[in-house]
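Here are some comments for a colleague who plans to look over this model.

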Amino acid sequence: MKNIMPSSLVSYRTSQRLNSFLLYLLFAIISLIVLFPVLINIFTAFKTGPELMKNSPLALPDAWQFTNIKTAFKMGNMLVGFKNTAILVIVSVLLNTVLGSMTAYTLNRFQFGAKKIIMAMFTVAMVIPFYTTEVSRFQIIKSLGLYDSMSAPLLIYAGTDLLQIFIYLQFIEKISNQLDESAMIDGASYFKIFFRIIFPLLIPASATLAIIKAVDIMNDMYIPYLYMPSKELHTLSTALMTFVGQRASDYGLLSAAILIVLLPTIIIYLLLQKFIFSGITEGAIKG
């Protein structure tokens, strides 16, 4: 006697398959939307001027020549851009990591009247559009004598934000206070407790936030372009302005320069993406 599957179970499985199909279709559409401009940029970077005029943007280059990339690397002075970007990323990430973790530790371990006010200030700062305070920030930077120097973006990037505080707090909340108390009994200061005991336990969160911060700094054009206008201080992102003219632009060279700027960010993200997701999810689970 054959087993007859209940109609409700058949309907459920059909619904599940339909939902899976729609989900994969949505992911495919989103992937195409994201990858479409990247593909156009890659094809354009390897095309000559006549090819750009006569062929479709989605057409493959007649020959995969590297002339545009070599010219863009030399014209954009990319070696200087790599050096300045590396300095900004390394110093800013180190300062940001130390300040962010210390701020979260203070908010978690100490009880004081302004604690809620400080958290509210972080929240408000995240909600307010940055351009509404840009005039004031620019005046402060200029009055400090930091304009047109690497110190200006370093000071801005070193500041912590609500996301960083939130992730660090999730980790610190699961670190027992008894570790602090035992160290204090042995005569350790708060700074020694933090750097010798607490901070090593925050390495997973620090790695996640450092990668996110590094990618954000590498992709940022606004702050370096505004606060470091000198050519010898340009970064990888601001080097792109070399290929943009007031009347016309060489899209082949511009696309090649964009490709050069994109490569470090893509490589870093692909190599370290597991640390990004593991740190965020671990912090969420700990909370």
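1. How many of the 11 residues of α8 are buried? The model is a predicted one, and in it nine of the 11 residues of α8 are buried, which leaves this helix mostly covered. The buried residues of α8 are L162, Q164, I165, I167, Y168, L169, Q170, F171 and I172, and for the protein chain, with its 287 residues, the buried share comes to 34%.

2. The C-alpha atoms of L209 and I167 are 8.5 Å from each other, although the two residues are 42 residues apart along the chain. L209 counts as buried because its relative accessible area is 8%, where the cut-off for buried is under 20%.

3. Is L26 buried, exposed or partly exposed? L26 belongs to helix α1, which covers residues 7-45, and L26 counts as partly exposed because its relative accessibility is 44%, a value to be read against limits of 20% and 50%. L26 is also one of the residues of a nonpolar patch on the surface, which is formed by L23, Y24, L26, F27, I30, V34, L35, V38 and L39 and has about 850 Å² of accessible area together. On the spacing of such residues, an α-helix has 3.6 residues a turn, so residues three or four places apart point the same way.

4. At least two lining residues are supplied by each of α5 (115-127), α6 (134-143), α7 (151-158), α8 (162-172), α11 and α12 (222-227), with α5 giving the largest share, five residues. Sorted by class, the lining of the largest pocket has 16 nonpolar, five polar and six charged residues.

5. The second largest pocket has a volume of about 250 Å³. Its lining is made up of 13 residues, of which P229, K231, H234, T238 and T242 are the closest to its centre. By class, the lining of this second largest pocket contains six nonpolar, six polar and one charged residues.

6. Which residues line the largest cavity? With a limit of 30 Å³ or more, the count comes to one cavity, and the largest cavity has a volume of about 40 Å³. The residues that line the largest cavity are T85, L88, Y157, I217, M218, D220, P224, T235, L236 and S237, and they divide into six nonpolar, three polar and one charged. Both α4 (78-109) and α11 (203-219) supply at least two residues each of this lining, and α11 likewise supplies at least two residues of the lining of the largest pocket.

Notes
Residues numbered from 1 in each chain as written. Predicted model: local features only at pLDDT ≥ 70, side-chain atom pairs only at ≥ 80, totals over all residues. Heavy atoms only, no water. Patch = residues over 30% accessible without salt bridge, like charges linked within 9 Å, V, L, I, M, F, W, Y side chains within 5 Å. Areas by Shrake-Rupley, 256 points an atom, 1.4 Å probe, with all protein chains shown as cover. Salt bridge = Lys/Arg side-chain N within 4 Å of Asp/Glu carboxyl O. Helix = DSSP H or I, 4+ residues; strand = E, 2+ residues; numbered from the N terminus. Buried < 20%, exposed > 50% of the residue type's maximum accessible area, 1.4 Å probe, protein only. 1 Å grid on protein atoms, 1.4 Å probe; cavity = no way out; pocket = protein on both sides within 12 Å on 5 of 7 lines; lining within 4 Å. Points joined across faces, edges and corners; volume = space filled by probe spheres on them. Nonpolar A, V, L, I, M, F, W, Y, C, P; charged D, E, K, R; others polar.
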